[in-house]
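The following note sets out several points for the attention of a colleague preparing calculations on this structure.

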Amino acid sequence: MSIPTPPFTDEHEELRASARGFIERELAPHAQRWEEEQWFPDEVFGKMAAQGLLGLKYPEEYGGQGGDYLHEAVLAEELARAGSGGTAAGIGAHINIATPPIWKFGTEEQKQRYLAPAIRGERIGALGITEPGAGSDVAAISTRAERVDGGWVLNGEKTYITNGVRAHFIVTAVKTTREGGHHGISFMIVDRREGVSSSALHKLGWHASDTATISFQDVFVGEENLLGPLNEGFKLIMANFQWERLVMALGSVGAMALAWERTAEFARQRSAFGRPLSGHQAIRHELADLATSVYTCRCVTYDALRRFIAGEEPLKEVTMAKLLTQRACFELMDACLQIHGGAGYMREYWVERAARDARLGPIGGGSDEIMREILGRVLGL
Ligand SMILES: Cc1cc2nc3c(=O)[nH]c(=O)nc-3n(C[C@H](O)[C@H](O)[C@H](O)COP(=O)(O)OP(=O)(O)OC[C@H]3O[C@@H](n4cnc5c(N)ncnc54)[C@H](O)[C@@H]3O)c2cc1C
């Protein structure tokens, strides 16, 4: 399947080739083992950093590559080739949701203390917004930061946090007024220290990523770790949503294209009733429909990406891309699993993992229902 080139240049395609080589060599061969161990090693971050892959969009002064969102988009698509949604999620959370608020809103000192070591792969980050009582309704968070001399004391609980066990620092949303809500939330960078405890959660998919509940019990956070302006944390949450959703769409497009290629090959090789599976019209038509879905998802996602790069703030297009691709990816993986028959249900086949991993898309980063609510507003309904 050919890849539409714009908005990518030759330089982006060179990055694609080298990132793909690294991922196929260093990550993909371990996908099955990391899935079973429910963990990928922390050293993966160091290896990614050595390739310059943890700081593609970040300025050189912090150790980044001085690239842009397009470079990051290439990596987001290629990470699907790790063959492990969990590994891609752990890396992606570090690159695309935990560190961007520090880059955009951090002080120079915070960037040196957190962003630079994160780009070097020495310190791993997580983003802590969701709580047991507040997911889609982010303004309802209740983790409280009480003002004390020299800083704040935090009490509360975050849940479903990617990298929640391994993270050295958690970019955390907290209530800094009694009322909380849109005008009473702030962000703080919380180091793993006394009072911070994590417990791993067990999931349907993304087994290689560590997802955790994190408790804060009387955790002191110094003045210098307030990220962005006090009580304006809601703006920080909103600031990265478009990019996070674009990255999810790109990851799904990458995963869908790969799954289609592998399933088409399987259908050519496997025989039933005296001919290849692809020689049966029902299977051939299914593969034709799936190829159309991959192409449609790619076009819609690339259109949103082009607009995003051009600085358009394309809320409608990004929301549509997220909504379309996450459901389509899950449906495509299910169809690919079906074409594999009994083999598709077996642990040793990649498609069993891919189908479970894809189920998260319509829930995480803003659910399908929330995407439709946003579209309802944008469309004036
Ligand atoms: C594997 C995994 C990793 C995650 N990683 C992170 C992370 O790193 N950091 C982080 O902060 N969070 C993370 N999350 C949390 C994720 O963003 C939330 O699960 C998601 O936003 C949904 O919130 P919720 O689970 O509380 O569901 P709820 O908000 O309780 O929603 C439950 C259901 O109701 C629907 N619903 C809610 N409101 C409406 C409405 N107004 N109209 C119609 N339907 C509605 C939802 O769509 C959903 O179907 C992760 C979650 C998972 C599962």
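1. Helix α4, residues 69–78, and helix α8, residues 233–269, have axes that come within 7 Å and cross at roughly 40°. The two helices are therefore oblique to each other, and their crossing is right-handed. Two packed helices are described by the angle between their axes and the distance between the axes. It should be kept in mind throughout that this is a predicted model.

2. How many salt bridges are counted? The count comes to 27.

3. Glu77 and Arg298 form a salt bridge in which the closest N and O atoms are 2.5 Å apart. Glu77 belongs to helix α4 and Arg298 to helix α9 (residues 281–309), so this pair ties together parts that are 221 residues apart in sequence. Are the two partners buried or exposed? Glu77 has a relative accessibility of 4% and therefore counts as buried; Arg298, at 5%, also counts as buried. Helix α4, already described for its crossing with α8, thus contributes Glu77 to a contact with α9.

4. Arg81 forms a salt bridge with Glu24, with 3.6 Å between the closest N and O atoms. Because Arg81 lies in the loop between α4 and α5 (85–98) while Glu24 is in helix α1 (residues 10–27), the pair ties together parts that are 57 residues apart in sequence. Arg81 is buried, its relative accessible area being 14%, whereas Glu24 is partly exposed at 41% relative accessibility.

5. Glu232 counts as partly exposed, with 32% relative accessibility. Lys235 is exposed, with a relative accessible area of 54%.

6. Most residues other than glycine have a negative phi. Tyr160, which is not a glycine, has a positive phi near 60°. Tyr160 is found in strand β3, residues 151–162, and its relative accessible area of 57% makes it exposed. Trp206 likewise is not a glycine and has a positive phi of about 50°. Where is Trp206 found? Trp206 is in the loop between β6 (196–200) and β7 (211–222). With a relative accessible area of 21%, Trp206 is partly exposed; the cut-off for buried is under 20%.

7. Leu379 counts as partly exposed, at 46% relative accessibility.

Terms used:
Residues are numbered from 1 along each chain as its sequence is written. This is a predicted model: local features need pLDDT of at least 70, side-chain atom pairs count only at pLDDT 80 or more; totals for chains, interfaces and linings use all residues. Side-chain values use heavy atoms; hydrogens and water are left out. Buried means under 20% relative accessible area, exposed over 50%, partly exposed in between (1.4 Å probe, protein chains only). Axes are lines fitted to C-alpha atoms, for helices over the stretch in contact, and angles run from 0 to 180 degrees between N-to-C directions. Helices (H or I, at least four residues) and strands (E, at least two) are DSSP runs, numbered from the N terminus. Angles under 35 degrees count as roughly parallel, over 145 as roughly antiparallel, 65 to 115 as roughly perpendicular and the rest as oblique. A crossing is left-handed if the near helix is turned anticlockwise from the far one by less than a right angle, and right-handed if clockwise. A salt bridge is a side-chain nitrogen of Lys or Arg within 4 Å of a carboxyl oxygen of Asp or Glu.
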